[in-house]
Amino acid sequence: MKVLIVDDAPTVRSLVKTTLQAMGIAVVGASNGKEALDVVKREDFALIISDINMPVMDGLDFLKAFRSFNRRTPFLVLTTESDPGKKEIAKKLGATGWIVKPFKAQDLSSVVRRFVR
Amino acid sequence: MNWQKELQRPLKEGENLYLIRFNLGPEVFSRGIRIDWYIEDLKSLGELILDEQQKKLPDGDEVADDCCYVAEALLVTKEAEDTIKKLLEFILDDGVHIEAISARNSSQEHLEQKAEVEEVPEQVLNDYLAETAEHLNAIENNLVRLEQQPSEPELLNELFRQFHTVKGNTGLLLSFGPNRALEVLKRIAHCSETTLAKARDGKSQLSENEVDALFEALDALRECFRCFKERKAVEDTFDELIARLSAPPSEEESLNRKTRKVSDEELKAFREIFLQYGPFLEELANKQDLSPEEEDFFKRAIATLRNSAENLGQKRIVELLQAVKVPFDLKDIISQISRELEKAKASEEQKQKKIAKTDRVQIESSIRVTQEQMDRLMNLVGELTAFREWLKWFVQHGNETWEKQKQFREQIQRYSRLVAEMQRTTMEMRMVPLHMLFQRFPKVVRDISKALGKKVQFEIVGEDTKIDKLMLDRLGDPLIHLVRNSLDHGIEPPEERIAQGKPEAGRLVLRAYYSTEGVAIEIEDDGRGIDPDLIRLKAVERGLRSEEEVMRLSDEEVISLIMLPGFSTKDEATELSGRGVGMDVVSSSVEAMGGKVKISSRRGEGTLVKLILPLTLAVRKVLIVRSGELFFSIPIEQLREVVNRPEFQWVADRPFMVHRDEAIPVVPLSSIFGLGNGDVADAKKVVLLKEREEGILVDEVVGLTETVTKPMPRMLKSVEELAGISILGKGDIAYQLSL
């Protein structure tokens, strides 16, 4: 059981890591879409959580690329905007769901629990 | 699902009953959604009764086009609706519908000023509008019956359910956001329901006044419904009505009410008395000292007025008059009484109108049909059409005598007429005015242009144009994209426009009309237009085209490059227009409907995006051609010309056709699909298409026919040149070309 967290902010990565590790889930981190794409080509994950705005390759491009070869792994995007447009775009590109930042550890774990079984 | 039957026990204290409908397609499953998990999660909330009607879940990573999950679930839980919604959040807009059948009304009903329901999924909204209109009509019919038999339990129950459903559906819509008209509507429905519940449970009989109040409630519901539909504010809060519905009238009050039923004549009489006394009273009110006669007149006048007001049940007037001790008090009261009288008059007139209306007995005859039923019917009509083609073919190729053939042909003609008529009617049923879609846009445009700080004059033209319902549903997103693009990239900020000598406010037109090719929808702006050189630059930069290629393309061709996947010219994608997923999504979804997108633009003058859509998705007129052993169909809209026995010339090993003094390159249809080279010399006919320079060589032109196009089977999905398949008369398969 492994989860990939993609975010350029180390704080977010570590928040996710500590929360999920407390649930007994292993977490791998990546700081942008390109890095993440390399990782997912090598390893399997039960769930991917990715930020949208990131340098080098952003979350939507990563999602698009990922969905071109994997349509079954749940993929959650982290959005800061309450802008439904972003969610819609992410959904069109194949996002399973979204977590709105800022989120509490509790929100995160309850969503993750539904996708990692 | 019949929940009353399914759930064979009464709800316990604190339990709620929800009906959850799933209608999920492949697009949901290719997002990594596991429906089994959702069902498990729902089970953890309480008792779940599940009726799975269709379940084709993805097989491993394969998400097939027919993946779907159609089911109804009854959930008995102590949780609130919000909890369920939160749980289903990621798929809620994708075909999940939650209906609270019996949920405790815990939330305080409050009225929000002027807020509007936004972002309600269109399907939900349309369903709501249709269903509620239907319920309101049914309520009217039942209320009329109720007047005759006010304690008929069956009738009371039915009415109760109808009000309840209206309330429930309204609540559902309100979950998308506050809306005043709907809040009021829900409140009235709720109070009517309460009134009916008392009578239904045998606690009390409905009084005549209560039935009257229910009639008034119906009018009020209609008014709120109309306001919501037309996005207007409701003017009345119907507080008096609500108070009357929810609080049972006291003994005294009900007596009062009884007398309230006054004839128009009586009311008129009172008005006359009042008008008679009025001027005198007014005069007295302005006087300081009264003579004894005046005093006497004053007292008598007030008493008379009060008595007649009492007789007429004008309670408010009686109260007012009781407060009058000296003439001076009359000052304010005279005008108030006049107002009360006006009110009474108005309500009387309304009653009259209502009576007149019911006299006319207008029955709005419409029934609701699901999309699925509609599609099935259309498919059947398609099959009938195919069968007609087969019959024709059979008669031509059979061994029947000529006499028999003639008889057959006559019968087939009759059959054809019937099928054609049926097809036309079915097609008409599918057509809905674009208004249903366009009505959202004024607000969308306002919101976006406000966010962007731009001034825009928005115009909608031709919203009566009708279009296949299925297409209407799929057009929403592309159109919003296009409008956003125009507002964001096209129309300049006010300062820039002024500097260029343009009017400060940009112009944006959303236009629809019937054209020879089908239904056209245009989005036109007078903004900065598209710079073809910039597109050239970007196309090369993004590796979409080589430098030589882009130089060779005309400006017009270059502009259409923005529809390639992954193209976005604004260096930083702005928040509103998104990021490069725009135009390619628009063009691919329009093409998926059998339509196409044309863009024309002049630098500095504006851009016109034109979507051309087939009239209907279901039946298309096509030309059937044969190449080798395979049949192909070409939609008639794409066809330019068919050339018989062409003359060929060879230039540098390439065949050309000389046609009307033009040398047109030709290519055998078979070689497009790599089915062999196809000897050019053997080819009999050349088909010229509107969108393709090369002529297509075919072995035979079979003829024009109407077919129902079905999507390509999965194995052939990757063949870009084929758009779908259809079954021909004698059972052959024709592949629909999309060249």
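**Salt bridges between the chains**

Tutor: Let's start with Lys92(A), which is partly exposed, at 48% relative accessibility. Keep in mind that this is a predicted model.

Student: What makes Lys92(A) count as partly exposed?

Tutor: Exposed needs over 50% and buried needs under 20%. Lys92(A) has 48%, so partly exposed is the label.

Student: And why is Lys92(A) with Asp477(B) called a salt bridge?

Tutor: The rule asks for a Lys or Arg side-chain nitrogen within 4 Å of an Asp or Glu carboxyl oxygen. Here the N to O distance is 2.9 Å, so the pair passes.

Student: Which label does Asp477(B) get?

Tutor: Asp477(B) has a relative accessible area of 41%, so it counts as partly exposed as well.

Student: How many salt bridges cross between chain A and chain B?

Tutor: The rule finds three across that interface. One of them is Lys91(A) with Asp94(B), where the closest N and O atoms are 3.0 Å apart. Over all chains, a search of the whole structure finds 34.

Student: How do you know that Asp41(B) and Arg114(A) form a salt bridge?

Tutor: Their N to O distance is 3.6 Å, and the cut-off is within 4 Å, so the pair qualifies. The pair crosses between chains, from helix 3 (residues 35–43) of chain B, which holds Asp41(B), to helix 5 of chain A, which holds Arg114(A).

Student: Are Asp41(B) and Arg114(A) buried or exposed?

Tutor: Both are buried. That label calls for under 20% relative accessible area.

Student: What about a salt bridge inside chain B, such as Lys56(B) with Asp66(B)?

Tutor: The closest N and O atoms of Lys56(B) and Asp66(B) are 4.0 Å apart, and the pair is listed as a salt bridge. Lys56(B) lies in strand 2 (residues 46–56) of chain B, and Asp66(B) in the loop between strand 2 and strand 3 (68–77), so the pair ties together parts that are ten residues apart in sequence. Lys56(B) has 40% relative accessibility and is partly exposed. Asp66(B), at 44%, is partly exposed too.

Student: Which residues are linked in a network of salt bridges?

Tutor: Glu88(A), Lys91(A), Arg31(B) and Asp94(B).

Student: Stepping back, how many residues are in contact between chain A and chain B?

Tutor: On chain A 28 residues are in contact with 25 of chain B. Together the two chains bury about 2500 Å², with 47% of that on carbon and sulfur atoms. There are also 13 residue pairs in polar contact between them, both residues being at pLDDT 80 or more.

How values were computed: Residues are numbered from 1 along each chain as its sequence is written. Chains are lettered from A and ligands numbered from 1 in the order in which they are written. This is a predicted model: local features need pLDDT of at least 70, side-chain atom pairs count only at pLDDT 80 or more; totals for chains, interfaces and linings use all residues. Side-chain values use heavy atoms; hydrogens and water are left out. Contact means heavy atoms within 4.5 Å. Buried area is the accessible area (1.4 Å probe) that two parts lose on being put together, summed over both. A polar contact is a pair of N or O atoms within 3.5 Å; within protein, one must be able to donate a hydrogen and the other to accept it, and residues adjacent in sequence count only if both atoms are side-chain atoms. Buried means under 20% relative accessible area, exposed over 50%, partly exposed in between (1.4 Å probe, protein chains only). Helices (H or I, at least four residues) and strands (E, at least two) are DSSP runs, numbered from the N terminus.
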